[in-house]
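Below is what I looked at.

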Amino acid sequence: MFDLKGKTALITGASRGIGRAISEAYCEIGIHVAGIARDITPIKDMENSQSYSGNFKGYTCDISVGKNVKETISEVLKDFGQIDILINNAGITRDTLLVRMSEKQWDEVLAINLKGAFNCTRNIVRPMLKNKFGRIINIGSVVGIMGNTGQANYVASKAGLIGLTKSTAQELAKRNITVNCIAPGFINTDMTEKLSEDIKDQMKKSIPMNRFGSPQDVASLALFLASDEAGYITGQTITVDGGMIMN
Ligand code: NDP
């Protein structure tokens, strides 16, 4: 297994689904995890749960607000001394056809999914530069590559994350900081639970493996990308999708 014991990771959207699975996988191998969500209850429960081996600490923060992110990251640095790994995972959907999409629905999704990642990355880069080490992992989506009906706001935010990944990777490559994007396909979480059975059946037909993924499938790649073994991989978008997209 990868030797990441004693490193510190900041994970946004740590309280549910993919962020929670990454938190668990990281804590299990001795990474200290600072987990962000807006709702305090689940992250406080995680602090006390044995599944996180005493390595999890929760912080409430709305990542779409730059000032809040700055304060939270200062607090995390005070508590842990360093942040080695950043997982920009928090995300939301506000799905509807473009003709019906309100400015509010557009703004909310872009503010959390894309600006939230920018807010976190910007505030974490200086300490990573000082430490001459960093791993930044953005959680995108296959729809950011291929587009999707009814998700213009979400798709634009995820395509934006791919661009953010490449530019940040280029800026930081010489400083031993890698930046990559994981693009999951259909993963069983609260986000996808709300879709109708019809849509789920349709989606399954488009997946060569004929099944949805689990949050742990995504966590496995997040573990590898954080490791020394992945040190020569940067600027990439890697899909975890049961073969939905084959380039
Ligand atoms: P969930 O809806 O299960 O969890 C979302 C997490 O983000 C929660 O912890 C939520 O906590 C947090 N969050 C939402 N808004 C904010 C905010 N403004 N500030 C801080 N935290 C916030 O999502 P998933 O686990 O399914 O998805 C995780 C990521 O993976 C997302 O970026 C999503 O787009 C992406 N993805 C998911 C796929 C899937 O099939 N599930 C497929 C492809 C990509 P709280 O509400 O308390 O803030």
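This is a predicted model: local features need pLDDT of at least 70, side-chain atom pairs count only at pLDDT 80 or more; totals for chains, interfaces and linings use all residues.

Entry 1

Entry 2. I looked up helix α1 (residues 17-28) and helix α9 (residues 215-226), whose axes come within 8 Å and cross at roughly 50°. The two helices are therefore oblique to each other. I recorded the crossing of α1 and α9 as right-handed. On the α1 side, the contact is made by Gly 17, Ile 18, Ala 21, Ile 22, Ala 25 and Tyr 26. On the α9 side, I listed Pro 215, Gln 216, Val 218, Ala 219, Ala 222, Leu 223 and Ala 226. Sorted by class, the residues of this contact are eleven nonpolar, two polar and no charged.

Entry 3. I turned to helix α3 (residues 66-80) and helix α4 (residues 103-131), where the axes come within 9 Å and cross at roughly 35°. The crossing of α3 and α4 is right-handed. From α3, I wrote down Gly 66, Val 69, Lys 70, Ile 73 and Leu 77, which meet Asn 119, Cys 120, Asn 123, Ile 124 and Pro 127 of α4. I counted six nonpolar, three polar and one charged residues in the contact of α3 with α4.

Entry 4. Which residues are closest to the ligand? I found 30 residues surrounding the ligand, the closest being Ser 15, Arg 38, Asn 89, Tyr 154 and Thr 189. For Ser 15, a polar side-chain atom lies 2.6 Å from an oxygen atom of the ligand. Asp 39 has a backbone N or O atom 2.9 Å from an oxygen atom of the ligand. For Cys 61, a backbone N or O atom lies 3.4 Å from a nitrogen atom of the ligand.

Key. Residues are numbered from 1 along each chain as its sequence is written. Side-chain values use heavy atoms; hydrogens and water are left out. Axes are lines fitted to C-alpha atoms, for helices over the stretch in contact, and angles run from 0 to 180 degrees between N-to-C directions. Helices (H or I, at least four residues) and strands (E, at least two) are DSSP runs, numbered from the N terminus. Angles under 35 degrees count as roughly parallel, over 145 as roughly antiparallel, 65 to 115 as roughly perpendicular and the rest as oblique. A crossing is left-handed if the near helix is turned anticlockwise from the far one by less than a right angle, and right-handed if clockwise. Contact means heavy atoms within 4.5 Å. Ala, Val, Leu, Ile, Met, Phe, Trp, Tyr, Cys and Pro count as nonpolar, Asp, Glu, Lys and Arg as charged, and the others, Gly among them, as polar. A residue is near a molecule or strand if one of its heavy atoms lies within 4 Å of it. A polar contact is a pair of N or O atoms within 3.5 Å; within protein, one must be able to donate a hydrogen and the other to accept it, and residues adjacent in sequence count only if both atoms are side-chain atoms.
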